[in-house]
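Here are some notes to read alongside the model.

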Amino acid sequence: MDKQCFAYFLQQLQVHLQEKGIDQALLMGDGATAHTAQNWSEQQALQWQKLPTACPELNPAERFFEELSAKTSNRVFEDKQQVEDYLANLVRQYQQQPNRISSLTLFSYLSAQTN
């Protein structure tokens, strides 16, 4: 993911949050260039918390990406579109199972904050 792709994601996330009536959200992530290259002061509804280096166990998204990686490893795709279609289908399956996403990503230190 590059800076422009992440900026687009942030833009769409802000639209989604506004539609849901959510004034602020906290995003956490690693030190990837796409993350750190953003001008976070321009993101009114979003706050950014950089996770410590080399601590994937603190990053909830890592477990989800591990799950996706396991489902795509050792597969051969004919082209980029086939990869995108396959991943889109996987993500749709997870969207239909919110409890599955929670079981992968809702760490105890996060769930204590949501109660």
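1. The model is a predicted one. Threonine 53 is exposed, since its relative accessible area is 66% and the cut-off for exposed is over 50%. Threonine 53 sits in the loop that joins strand E2 (46-50) to H3.

2. Where is aspartate 23 found? Aspartate 23 belongs to the loop between H1 and E1. With a relative accessible area of 66%, aspartate 23 is exposed. From aspartate 23 to leucine 58 the C-alpha distance is 25 Å, and the two are 35 residues apart along the chain.

3. Asparagine 74 deserves a look at its backbone. Although asparagine 74 is not a glycine, its phi is positive, at about 60°. The residue is part of the loop between H3 and H4. Is asparagine 74 buried or exposed? Asparagine 74 counts as exposed because its relative accessible area is 80%, against a cut-off of over 50%.

4. Glutamine 93 is a helical position, in H4. Its relative accessibility is 39%, so glutamine 93 counts as partly exposed; that class covers values between the buried limit of 20% and the exposed limit of 50%. Glutamine 93 and isoleucine 22 are 71 residues apart in sequence, and their C-alpha atoms are 25 Å apart in space.

5. The next point is the largest pocket. Its space comes to about 1500 Å³. The elements that each supply two or more residues to its lining are helix H1 (3-19), strand E1 (25-29), helix H2 (33-36), helix H3 (60-72), helix H4 (80-95), helix H5 (98-105) and helix H6 (108-114). Which residues of the lining lie nearest the centre of the largest pocket? Of the 35 lining residues, these are Phe9, Leu27, Ala61, Phe64 and Phe65.

6. As for the overall fold, the protein contains six helices and two strands. Read from the N terminus, the order of elements is α-β-α-β-α-α-α-α. The C-alpha trace spans about 40 × 35 × 30 Å along its principal axes. Among contacts with a separation of 6 or more, 49% join residues 24 or more positions apart.

7. How much of the protein counts as buried? The figure is 23% of its 115 residues. The protein exposes about 8400 Å², and 50% of that area is supplied by carbon and sulfur atoms.

Methods: Residues numbered from 1 in each chain as written. Predicted model: local features only at pLDDT ≥ 70, side-chain atom pairs only at ≥ 80, totals over all residues. Heavy atoms only, no water. Helix = DSSP H or I, 4+ residues; strand = E, 2+ residues; numbered from the N terminus. Buried < 20%, exposed > 50% of the residue type's maximum accessible area, 1.4 Å probe, protein only. Contact = heavy atoms within 4.5 Å. Areas by Shrake-Rupley, 256 points an atom, 1.4 Å probe, with all protein chains shown as cover. 1 Å grid on protein atoms, 1.4 Å probe; cavity = no way out; pocket = protein on both sides within 12 Å on 5 of 7 lines; lining within 4 Å. Points joined across faces, edges and corners; volume = space filled by probe spheres on them.
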